[in-house]
Amino acid sequence: MSDGQATGRPRGPAGRPLLSLALATMIEGAHAHSGAVYLLAEDEPVLEMAVMAGLPRAFAAPWERVGLSAPIPVADAVRERRLVWVGGEEEMARLYPRVSVVLPYPFALAALPVATESTVYGAVFVTWPGAHPQELSDREREQLTAACDRLAVRLERAAAESLPVLPEPDLPGAQLVGGMAGTLGSVEAVRMAARLPYGICSLDLHGRIGFANPATAELIGVPVNRLLGTQLWAAVPWLNDPVYEDRYRAALLSQHVTSFVALRPPGDWLSFRLYPSRTGLSVRISRARAVAELGRAGPREDDAPSRLITISQVLSLAGALTEAASVRDVVQLVADEVGPAAGSQAVVLLGSRAGRLHVLGQHGYPDPRVVERFDGTPLSEPTPGVHALNSGVPAFFESRDHLERLYPLRNRTPDGFAAWAYLPLIASGRPVGTCVLAYSEAHPFPTEERAVLSSLSGLIALALERALLYDAKHQLAHGLQEALLPHSLPRLPGVAAAARYLPATRGMDIGGDFYDLVPAPGGAAAVIGDVQGHNVTAAGLMGQIRTAVRAYTTVGQPPHEVMRSTNRLLIELGSDLFASCLYLRLDPARGRAVMARAGHPPPLLRRPDGQVRVLDLAGGPLLGIDGTASYPTTEVDLAAGSVLVLYTDGLIESPGVDIEDALTDLGGRLARAGDLPLDGLAEVLMGGGAAGGERPDDVALLVLRATG
């Protein structure tokens with residue numbers, strides 16, 4: 001719909017079957033077998049189904065309300081002000097995979113706008129059986145266009161007269177036959193049906209049984225009087241399976257004869273053959289002796305999986321993709337879930353950045369360099385991956401000859417596979433990548449498989465969009481964390497140091513834990529702290545505290561004044577967050593350390609003789625609570641060879657573990673490994689469950705050894 005055009009839902013005379021008559025005329029004139037009229041909603045860009053004919057409305061239930069931006073034929077017809085033609089099952093799978101996955105049957109469809117030069121009132125679609133020619137004839141095109149133009153004029157007239165045009169009852173299908181049970185037409189016809197050795201029954205468009213002969217009741221084991229007026233799959237428990245109802249839908253929509261076999265417990269196989277017409281279906285029921293013999297012989301190894309298996313794999317993939325966090329997770333899940341379902345042996349996810357194609361991940365290629373050759377391909381190159389990404393249209397290549405015929409340059413870059421599916425990944429209306437499935441042998445890609453893969457690409461696209469965002473946030477978080485923490489610790493006389501940091505595994509993988517080691521008058525100063533929270537705000541405040549501590553240390557403030565000044569600064573910043581902190585001034589020449597603590601876990605001290613104790617330090621409240629708080633200091637002997645361990649609470653706090661027990665365990669590890677080089681000691685201290693698995697809190701560790 002072009003800018004500036006008026007849209008609206010007109011009002012016509014109540015009770016007048018304007019829409020039904022117009023629709024019936026279109027269907028009859030075009031020799032179609034079903035259709036519907038949509039009206040444009042008054043207050044939103046939505047098409048609402050007003051009347052349907054020829055098929056139950058349940059067939060079109062997902063599209064009773066259609067947004068104008070939806071990838072649906074009627075929406076395209078309105079948006080682009082043109083007739084939209086879909087010539088068959090394969091074309092539907094290629095152009096409208098969402099429709100095809102719900103209705104994977106052979107039928108043709110035309111959708112047209114109902115509009116005047118200035119105003120759009122709605123849209124119409126009509127369908128034909130699968131036997132319809134691939135192209136719409138000029139006569140059909142002219143007849144439908146003229147009928148829609150006439151309907152638009154009538155709706156314009158109704159709008160000018162302020163007459164309401166409301167939704168109308170759907171056009172009726174076949175009616176249930178009245179009279180006594182078991183009667184169909186003349187008494188002689190009923191007698192004839194009763195003499196048949198096989199079952200016959202009549203279903204209306206909604207699947208309700210209007211007639212059944214005695215053989216039907218005998219074969220399926222349900223009396224005739226309990227069958228009449230009910231749906232076959234509802235009246236017979238062992239037919240209550242989506243596969244059987246699907247055959248009824250396929251027969252009605254395609255107007256082709258369909259069939260299926262079903263097992264009547266305990267071991268009777270029955271054959272059902274459905275003969276459709278525009279008024280309903282006739283069903284022939286007989287014993288399926290050949291199938292029964294096949295069942296006794298056992299299943300063949302090369303039997304193809306049923307569609308139900310495919311559906312279960314689709315549901316499994318949908319559930320799994322909701323849990324995929326990174327691009328690597330998405331690649332692995334597609335390889336694990338889609339690959340087995342589609343029969344592919346390898347998968348590649350492609351994305352774009354700065355006008356070039358990039359390989360986001362791959363699985364199944366023996367030599368990764370085969371895939372890496374495509375990384376950096378300009379988006380102007382004539383390759384199938386680029387074309388799928390730019391066009392948003394899936395491409396299926398059944399063999400290498402098929403691929404190289406359309407893309408001759410691919411014969412220079414063989415990848416060892418013989419067939420490919422290129423699925424565009426569209427999320428939030430924009431392309432986010434292409435999923436390539438590769439097959440080791442030629443693959444025919446039947447229509448139903450194309451429809452399922454095209455629909456699966458929507459699930460993969462949403463997961464990939466989330467994963468790309470997650471990876472970007474993850475990189476940002478780690479970059480910010482690395483910028484705020486020391487890149488390395490300085491080498492200072494009389495003291496050696498090592499540090500470790502691990503972010504929490506929840507949130508943005510960023511937190512408020514920090515540490516630092518800085519030169520100070522007469523020696524060195526060390527600090528460790530923890531700002532509450534695991535987000536950018538906590539990390540930013542952590543950076544401010546660390547900078548303040550360095551500044552107050554540089555100007556020569558003693559430990560208690562450093563803590564008081566930092567506390568006042570935090571309050572003046574107006575933050576709602578608090579912070580714990582442990583600050584100490586080291587004097588290696590005297591073998592002493594002066595410490596001040598603000599609500600922080602106590603440090604551990606390992607003496608040169610190997611004894612470990614928890615230092616009971618005087619302290620004050622958390623930083624950022626009380627602007628008048630004071631922070632008393634404690635002086636500790638720090639002889640050469642002594643090791644101080646400063647840490648945040650994430651190292652000793654975990655669900656279900658008592659803090660006292662965790663602290664005892666940490667002291668034991670320090671006692672046993674205290675003579676190791678500091679980097680090795682730090683790894684031992686971090687290895688007690690914090691380095692792997694879930695971490696609800698981030699962890700910072702600073703290990704200091706007095707060297708004299």
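F445 sits in the loop that joins β17 (430-439) to α17 (447-484). Its phi is near 55 degrees, a positive value in a residue other than glycine. The model is predicted. F445 has a relative accessible area of 3%. Buried means under 20%, so F445 counts as buried.

H31 also has a positive phi, near 55 degrees, and is not glycine. H31 lies in the loop between α1 (18-29) and β2 (34-40). Is H31 buried or exposed? Its relative accessibility is 58%, and H31 therefore counts as exposed.

The table sets out the two residues.

| Residue | Phi | Relative accessibility |
|---|---|---|
| F445 | near 55 degrees | 3%, buried |
| H31 | near 55 degrees | 58%, exposed |

**Helix α1**

H31 follows α1. The helix has 12 residues. From first C-alpha to last, α1 reaches 17 Å, close to the 16 Å expected at 1.5 Å a residue. Its buried residues are L18, L19, S20, A22, L23, M26 and I27. An α-helix has 3.6 residues a turn, so residues three or four places apart point the same way. What covers the buried residues of α1? The cover includes β2, β3 (46-53), β7 (119-129) and α5 (138-160).

**A cis peptide bond**

The bond from P265 to P266 is cis. Its omega is near 5 degrees. P266 belongs to the loop between β10 (258-264) and β11 (268-277).

**An open sheet of 5 strands**

The strand order is β18-β27-β26-β23-β24, and the sheet is open. Pairing is antiparallel. Which strands stand at the edges? They are β18 (495-502) and β24 (612-614). Each has a single partner strand, so one side of each is left without a neighbour in the sheet. From one strand to the next, the twist averages 15 degrees.

Strands of a sheet pair through backbone hydrogen bonds, either parallel or antiparallel. Here, β23 (residues 604-606) meets β24 in the antiparallel sense over 3 bridges. L605 has R613 of β24 as its bridge partner.

Two helices lie across strands of this sheet. Helix α21 (residues 678-686) lies across β18, β26 and β27 (699-706). The angle of α21 to β27 is about 140 degrees.

Notes: Residues are numbered from 1 along each chain as its sequence is written. This is a predicted model: local features need pLDDT of at least 70, side-chain atom pairs count only at pLDDT 80 or more; totals for chains, interfaces and linings use all residues. Side-chain values use heavy atoms; hydrogens and water are left out. Two strands pair if DSSP finds at least two bridges between them. Helices (H or I, at least four residues) and strands (E, at least two) are DSSP runs, numbered from the N terminus. Axes are lines fitted to C-alpha atoms, for helices over the stretch in contact, and angles run from 0 to 180 degrees between N-to-C directions. Contact means heavy atoms within 4.5 Å. Buried means under 20% relative accessible area, exposed over 50%, partly exposed in between (1.4 Å probe, protein chains only). The expected span of a helix is 1.5 Å times one less than its number of residues.
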